[in-house]
Amino acid sequence: MEIVILEANALGKDIDLSVFDKLGHVTKFGQTDWEDQVIDRVADADIIIDNKVPMNAHTLQKAAHLKMIAVTATGTNMIDREYMKERGIAVANVGGYSTDSVTQHTFALALFLTQQLAYYDKYVKDGEYVKSDIFTHFGTPIHELKGMTWGIIGLGDIGKSVAQAAEAFGCRVIYYSTSGKNKNPDYEQADWQTLLKESDIISIHAPLNDKTEGMMNLEAFKQMKKTAILINVGRGPIVNEQDLVTALNEGMIAGAGLDVISVEPMRADNPLLQIKDSRKLIVTPHVAWATREARQRLVDEVYLNVKAFLEGEKRNLI
């Protein structure tokens, strides 16, 4: 059984992938170029372990023996599902492995901004605290989460986990369903305008689709509180980045914390790079999902998916 791992680097060098050796002969590539390398690298594969490399008629044109694609993620937008059905190629993904990790990062971003940690850290490291004549400093306001309204866009597993944590901090939680189908009696559902106008913090946990792409734009920012904070740990293109820069520069909202951006890795001309003030904007490089524990769970789940398939069982097949 020939198993090809196309993007081992995306799982981290601190995660042991030798478990797959139990299932067959494994060929590991740290990174795979979508255009120039993938076709030949998967030519002899029975099973492909993939993250973001497109899987379609073009990339799989030489993969005559391919039986399964095991996705090291929840999203499968890079998979041509119809083509897989035509060829009888099984596809399995992994869900739920990063819920705790993303929830934790959501609050890390929110607290970094509400506590103004960038400002106060700089105040100390610049030597200003040494010069102080009192034990504390009130250079820029900080705020408690208790009593705030936390608006959630996308109340799936991660959105619900964030909602529970927000309630534990004493927030009022409201949510907006991007599909219009999600009805959760545990939380207050709001229409789009209400969510924008009433939320002190808005966090995005929605998938990227025709309804969500660009939904956080200038029109939306103009309806938000000037004191509001936006957190995006969903998908980058949900936020219009140029409009966000305008909103931050013009004081339409107070701050933003982003873990996902429109094109990853970030391009040198990304407008977000114009804002150097970490009191307004913090950007992390798509690491919300990537605690060591979450990445280990991911690999464990992918292994079980492949093992089950080889044993004739259906596990997480889509």
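Me: Before we start, how do you know that two strands pair?
Reply: Two strands count as paired if DSSP finds at least two bridges between them. The strands themselves are DSSP runs (E, at least two residues), helices are runs too (H or I, at least four), and both are numbered from the N terminus. This is a predicted model, where local features need pLDDT of at least 70 and side-chain atom pairs count only at pLDDT 80 or more, while totals for chains, interfaces and linings use all residues. Residues are numbered from 1 along each chain as its sequence is written, and side-chain values use heavy atoms, with hydrogens and water left out.

Me: So what makes β7 and β8 (residues 188-189) a pair?
Reply: Two bridges join them, and they run parallel. The rule asks for at least two, so they qualify. Y175 has Q189 as its bridge partner in β8.

Me: And what joins β6 to β7?
Reply: Five bridges, again parallel, between β6 (residues 149-153) and β7 (residues 172-176). Here I152 partners Y175 of β7.

Me: Why is the unit of β6, α5 and β7 called right-handed?
Reply: Look with the strands pointing away from you: a crossover is right-handed if the path from the first strand over the helix to the second runs clockwise. β6, helix α5 (residues 157-168) and β7 make a right-handed β-α-β unit.

Me: What does β1 pair with?
Reply: Four bridges tie β1 (residues 2-5) to β2 (residues 25-28) in parallel, and three bridges pair β1 with β3 (residues 47-50), parallel as well. I3 takes part in both pairings: its bridge partner is V26 in β2 and I47 in β3.

Me: How do you know that R292 and D14 form a salt bridge?
Reply: A salt bridge needs a side-chain nitrogen of Lys or Arg within 4 Å of a carboxyl oxygen of Asp or Glu. The closest N and O atoms of R292 and D14 are 3.7 Å apart, and the pair is a salt bridge. R292 lies in helix α9 and D14 in the loop between β1 and β2, so the pair ties together parts 278 residues apart in sequence. D14, R292 and R295 are also linked in a network of salt bridges.

Me: What makes E198 and R172 another one?
Reply: Their closest N and O atoms are 2.9 Å apart.

Me: Why is R172 called partly exposed?
Reply: Buried means under 20% relative accessible area, exposed means over 50%, and partly exposed is in between (1.4 Å probe, protein chains only). R172 has 32%, so it is partly exposed.

Me: What makes H286 stand out, and is it buried or partly exposed?
Reply: H286 has a positive phi of about 55° although it is not a glycine. Its relative accessibility is 23%, so H286 counts as partly exposed. It lies in the loop between β12 and α9 (292-310).

Me: Which residues make the nonpolar surface patch?
Reply: V124, Y129, I134, F135 and F138, giving about 600 Å². Patch members have over 30% relative accessible area and no salt bridge; like charges are joined within 9 Å, and nonpolar side chains (Val, Leu, Ile, Met, Phe, Trp, Tyr) within 5 Å. I134 has a relative accessible area of 44%, so it is partly exposed.

How values were computed:
Accessible areas come from the Shrake-Rupley method with a 1.4 Å probe; for residues, only the protein chains shown count as cover.
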